[in-house]
Amino acid sequence: MFATSTQRSFWMFKDENDVSNARLSANIKYISSRGRNMTAEERELHFLNVTEEKILIMSYEYQLRDFCRKFLPPMPRYVIGTALHYLKRFYVNNSVMDYPPKEILVTCVYLACKVEEFNVSMDQFVGNLKGDREKAASIILNNELLLMQQLDYQLTVHNPFRPLEGLMIDMKTRFPTFSDPERLRSGIDEFLEQVFYTDAILIYSPSQISLAAIIHSASTSKENVDEYITKILFSEDQKRLLNLIEAVKKIRVMVRNVQTPHRDVIKALEKKLQLCCNPDNNSESPAFKKRMKQSFDDEESFEDGQYPDANTDQVRSMLMGMSEMGKI
């Protein structure tokens, strides 16, 4: 249940300012680390600011959606919702300059498939990608643990789709004066499609979002569900009703304000990102390839019983600790 979930306990923010502050903190942390030898003016020109990062993230959310829509076998929408949750959570606390969003994006989708038990093999998954599929599989597997760590291993996501179906059944059962609630479905689906590109999923509960979708669809269709809300759902709890009305208003405003990033803007930001991204985490950079080669060479040395000179004592100590753990 959402009420007792890790999502509610650890991944719900107070409001949009709270989310923005988390993103700003990640942005400042990265710039302070990578640009400590630069002047303020040089930093401003070289690095992405938090607004530019947010625009880029939205563009990658749309890319994730497009990838999932074309996926074979067809991907259920709750898997897409979970993947979008993961991507949004990851970049609330991390900068896009620190971790390549294209790589994190596909890793989010792959992990969502596993968590939501949409069973596809790695070969099937990378078969939906263009380019070097073996390399793609390697990148996904290398990033999977990082993604889970950054999500604090709190992987269960409550999407608004299930409470929506509960509300639709309830309307049909307890609100018979409203004939055929299914006629609201297209407007509801359109609303839920857009809500994932806002921060509403990090602020409001799935039931609030699903109810906002019903109210929005009814409103745009010139239908009235006020009686269902006030006399059936919250007839005995006026405080909750007032809180819900306020939440629904804010969610609808957030959806109304969604603006698809312009292609030219994204191209310019992508170009800037290439110049300021962390080379240690960029699989295309010489620094990353050198680090991976060193890691591979060290692993070969361990298998041959040879230890890197600089860390001989540390490695032996670690192996001794592992041996002791095996006795427990």
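Helix α12 (residues 226–233) has three named buried residues to look at: Tyr228, Ile229 and Ile232. Buried means under 20% relative accessible area, exposed over 50%, and partly exposed in between, with a 1.4 Å probe and protein chains only. Seen down the axis of α12, these residues fall within an arc of 115°, so they line one face of the helix. This is a predicted model: local features need pLDDT of at least 70, side-chain atom pairs count only at pLDDT 80 or more, and totals for chains, interfaces and linings use all residues. Residues are numbered from 1 along each chain as its sequence is written, and side-chain values use heavy atoms, leaving out hydrogens and water.

**Cover over α12**
- The buried residues of α12 are covered by elements including α9 (161–174), α11 (206–220) and α13 (238–256).

**Packing of α10 and α11**
- Helix α10 (residues 185–195) packs on α11 at an angle of about 130°, and their axes are 8 Å apart.
- That makes α10 oblique to α11.
- From α10, the contact (heavy atoms within 4.5 Å) uses Gly187, Ile188, Phe191, Leu192 and Val195.
- From α11 come Ile209, Ala212, Ala213, Ile214, His216 and Ser217.
- The residues of this contact divide into eight nonpolar, three polar and no charged.

**Val50**
- Val50 lies in helix α4 (residues 50–69).
- Val50 counts as partly exposed because its relative accessibility is 24%.
- Not counting residues up to four places away in sequence, Val50 touches Arg23, Leu24 and Asn27.
- The C-alpha atoms of Val50 and Asn21 are separated by 9.7 Å, and the two residues are 29 apart along the chain.

Conventions:
Helices (H or I, at least four residues) and strands (E, at least two) are DSSP runs, numbered from the N terminus. The arc is that of the directions from the helix axis to the C-beta atoms. Axes are lines fitted to C-alpha atoms, for helices over the stretch in contact, and angles run from 0 to 180 degrees between N-to-C directions. Angles under 35 degrees count as roughly parallel, over 145 as roughly antiparallel, 65 to 115 as roughly perpendicular and the rest as oblique. Ala, Val, Leu, Ile, Met, Phe, Trp, Tyr, Cys and Pro count as nonpolar, Asp, Glu, Lys and Arg as charged, and the others, Gly among them, as polar.
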